[in-house]
Amino acid sequence: MKLIYGGCLAALLGLGSASVTLAQPVKAGAGTYFLQPKAGDKPPPTAQRRTDALLKQAAPTNQWYSSLMFSDQPEVIYAQPLTILATAAGLEVALARKEVVPTERRDVEIHYPHRDPLRISPVAFEPGPARLAKATDWAIDIDQSRGADQMLVTVAHGSPYASFRISRGDVRVQLPAAAQRLASGSDPRVLALRVKDQPYALFGPTGVRWEQVSPTEWIGHLPEGKGYLAAAALPDEQAQTLQLFTRHAYAFVEDTRVTWHYEAATSQVETTFKATTRSMEGPDHGPLLGLYPHHWFKNSTVEGRLGPAFESVRGPIQLLPTTEFKTRTAYSGFVPYWPAVAAETPRSADLRDLMKTDQRNARRMMLEIGNGAYWQGKGLQRITQLMSVVEQQGDLAGRDQLLKLTQNRIESWFGGDSQKTYFHYDRGLGTVVAYPEEYFAVQQMNDHHFHYGYWIRAMADIALRDPAWAAKAQWGGMAELLIADIATTERSGKDFPFLRNFDPYEGHSWASGIGLGPHGNNQESSSEAVNAWAGLILWGEITGNRALRDLGVYLYSSEIEALNHYWFDLHGLVLAPEYRAKNVEVSMLFGGKYAHNTWWTDEPRQIKGINLLPLTTASGYLGRDPQYVKRNLGALPAEMALHAARGKRADPPDIWQDLFTKYLALADPQAALAGWDRWGSVELGDTRSHTLHWLLSLNEMGTPDPTVTADTALYSVFRRPDGARTYLAYNATPSPLTVRFSNGRTLTVAPNSLSTHKETQP
């Protein structure tokens with residue numbers, strides 16, 4: 001087992017190489033994981049649809065193309081704007097078009113299905129079963145070779161091309177309907193067709209001869225030794241568009257790479273996207289990259305350089321002829337906890353009562369529904385968040401009791417002594433899985449970032465109070481193992497795949513490990529993904545691992561930017577008007593569709609809440625647009641009335657009322673506090689104490705102010721209605737820290753502590 005954050009897994013966990021190879025169980029500091037599942041537990045799936053070279057690496061599960069590795073009959077790959085399907089008859093290429101699909105919920109879903117494809121195959125041999133042959137940061141190679149005969153296809157996110165390499169013979173192009181040939185100028189290499197009102201173009205090598213053998217079939221006669229061509233969908237039939245596509249068609253993508261840099265002084269994340277190409281003939285004009293809205297929106301570095309655009313499930317994908325482009329995203333910051341609220345307020349007695357009740361019930365609240373890693377993780381974070389409230393309100397004895405409670409529970413899982421609750425490292429796939437299994441986290445590799453994100457954040461909260469217990473040589477080694485599963489930055493390693501759940505080009509995570517389904521991979525709870533990346537930031541700061549902290553800042557900021565476009569559509573660029581007529585936000589995002597639903601219920605409150613929870617101090621990003629918060633919540637009564645008209649009801653009727661009250665407080669704290677029902681429903685990742693502390697805190701501090709940043713990772717700024725601001729900063733280092741805010745305010749923060757400054761006037 002090898003690299004992880006640039007160091008070996010054995011070194012990370014304090015092990016000798018022989019221990020990793022031979023031992024079962026394996027020690028990780030004071031913790032233990034297992035190299036085989038215990039009796040009766042099933043291992044993760046195998047990913048055999050990989051070439052021999054890729055079988056030597058950890059499998060890149062949870063990606064937009066992952067289904068290719070797990071099924072004899074691969075699902076559609078949503079590369080966007082193209083859809084790709086590997087079949088026994090050849091590789092299908094299509095441009096997805098919008099379909100408005102009515103639902104039983106009396107709204108609509110927006111689908112971009114794989115329809116009416118071109119099918120491309122060799123003439124001299126039958127394609128073999130599809131295998132993943134290469135995976136770079138946003139491009140893949142699909143191998144459909146058979147024996148000594150090679151067929152290799154490269155596709156990439158955003159690219160309008162599928163690039164083919166065929167070892168011998170000619171190429172067959174089969175069409176879904178009779179096509180009209182379009183003018184292609186004087187270049188005989190180009191075959192341009194209009195098929196069902198959609199223009200496509202095929203770009204063969206010099207010397208190719210295109211022959212129509214039927215209304216729905218063409219043969220490309222390839223010269224000896226020139227077994228390559230590119231197939232592309234065109235956004236229009238303009239002559240200059242075809243010229244642009246011809247210029248870049250022969251630059252086959254060899255590598256794609258994303259790099260990031262967290263610039264603390266300006267609280268900005270600069271992300272660089274770079275593609276490396278190989279020219280199959282003529283000069284290398286570089287690739288034609290398709291930029292998603294989160295790439296090009298308000299990006300001055302690409303203004304005036306963008307070309308034609310495709311409409312897609314992610315909104316307009318605009319083409320840019322370049323090998324490299326950059327984006328800059330603001331990092332909004334957060335602190336581990338908020339300070340104490342005033343001792344004497346109209347609700348201070350309520351808070352004291354609630355803290356007593358919640359502490360008394362803490363053991364039960366730590367695990368109320370499921371028994372696996374998801375519900376246990378939620379329970380742990382639930383109690384560490386309660387612990388922060390109790391601590392800040394001055395009850396240090398109560399804090400210590402909750403601290404010990406969570407530590408004991410974590411030790412029971414990490415220790416490896418239980419037959420039922422434990423972690424297994426699977427060498428064949430390159431992953432850590434937990435038992436008992438929940439939500440197909442083992443069988444389908446689902447939701448690792450959701451599940452482990454709760455554990456990582458809870459471990460970080462504990463490490464703030466007891467760093468010796470959380471040290472790598474003690475229980476922190478197991479936390480680092482979970483981090484490695486979801487956030488390894490090494491590419492092509494044996495131990496874990498590169499950023500397992502995160503899609504660097506789309507800017508957000510995927511939840512399904514094997515990606516099976518007609519609509520591609522999916523992610524429901526964007527907020528739980530953000531929670532995981534917040535845990536990385538906090539753990540990196542506490543442990544002094546700046547590379548991990550910076551990675552967390554990149555993932556956190558990127559995920560938020562993507563969800564503001566593709567889940568919340570804050571800028572009005574993405575959601576179809578037919579969808580917006582019924583829904584304010586997306587709750588389930590797929591490769592080829594978006595919907596307002598959940599996997600387990602169509603009850604409106606849970607549909608809306610799944611992209612809010614867990615609401616912690618890292619959730620201030622949800623208040624970036626207060627008017628959107630009010631509009632989103634304002635849609636809920638009509639959604640619930642429609643749900644009731646279908647003969648359904650929420651159970652309980654006010655389910656997750658604390659969640660929506662906390663969400664409203666990010667826009668209007670006074671209204672939220674006035675409307676909160678102390679005895680109402682509580683989401684099982686939260687407590688009444690944390691909810692009231694949240695409401696009282698925002699009522700004192702104001703709403704999040706994203707216009708002011710700071711030169712440290714752990715900070716927050718709030719602004720009251722009168723314009724006066726509250727500044728928070730946390731120092732996780734052993735030395736005093738001076739924090740500089742972008743508006744000139746400074747705070748000196750003592751070691752391992754939170755500092756607060758409240759302006760008395762603007």
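I began with the second largest pocket and found that β27 gives the largest share of its lining, four residues. I took helices (H or I, at least four residues) and strands (E, at least two) as DSSP runs numbered from the N terminus. The model is a predicted one, in which local features need pLDDT of at least 70, side-chain atom pairs count only at pLDDT 80 or more, and totals for chains, interfaces and linings use all residues. Residues are numbered from 1 along each chain as its sequence is written, and side-chain values use heavy atoms, with hydrogens and water left out.

**Second largest pocket**

I noted a volume of about 580 Å³ for the second largest pocket. Its lining has 23 residues, and K298, R328, A330, E561 and R624 are the closest to its centre. At least two lining residues come from each of α6 (293-296), β27 and α14 (546-566). By class I found five nonpolar, 13 polar and five charged residues in this lining. Here Ala, Val, Leu, Ile, Met, Phe, Trp, Tyr, Cys and Pro are nonpolar, Asp, Glu, Lys and Arg are charged, and the others, Gly among them, are polar.

For the search itself, a 1 Å grid is laid over the protein atoms alone; a cavity is a set of points where a 1.4 Å probe fits but cannot get out, a pocket is an open set with protein on both sides within 12 Å along at least five of seven lines, and lining residues have an atom within 4 Å of a point. Grid points are joined across faces, edges and corners, and a volume is the space filled by probe spheres set on the points.

**A330**

I then looked up A330, which is in strand β27 (residues 324-330). A330 counts as partly exposed because its relative accessibility is 41%; buried is under 20% relative accessible area, exposed over 50%, and partly exposed in between (1.4 Å probe, protein chains only). Leaving out residues up to four places away in sequence, A330 touches S267, Q268 and S557, where contact means heavy atoms within 4.5 Å. The C-alpha atoms of A330 and K404 are 37 Å apart.

**Largest pocket**

I read a volume of about 890 Å³ for the largest pocket. Of its 34 lining residues, Y439, D447, E524, W599 and W600 are the closest to the centre. The elements giving two or more residues to the lining are α9 (373-392) and α11 (448-465), and α9 has the largest share with three. The lining divides into 18 nonpolar, 11 polar and five charged residues.

**Cavities**

I counted 13 cavities of 30 Å³ or more in the whole structure. The largest cavity has about 170 Å³ and is lined by 18 residues, with S332, G333, G620, Y621 and P704 nearest its centre. Strand β36 (residues 715-719) gives the most to this lining, four residues.

**R105**

I placed R105 in the loop between β8 (99-102) and β9 (108-111). R105 is buried, at 10% relative accessible area. Among the residues R105 touches are A595, D602 and R646.

**A three-strand sheet**

I traced an open sheet in the order β24-β26-β25, with antiparallel pairing; two strands pair if DSSP finds at least two bridges between them. β24 (288-291) and β25 (309-310) each have a single partner strand, so one side of each is left without a neighbour in the sheet. F310 has I317 in β26 as its bridge partner.
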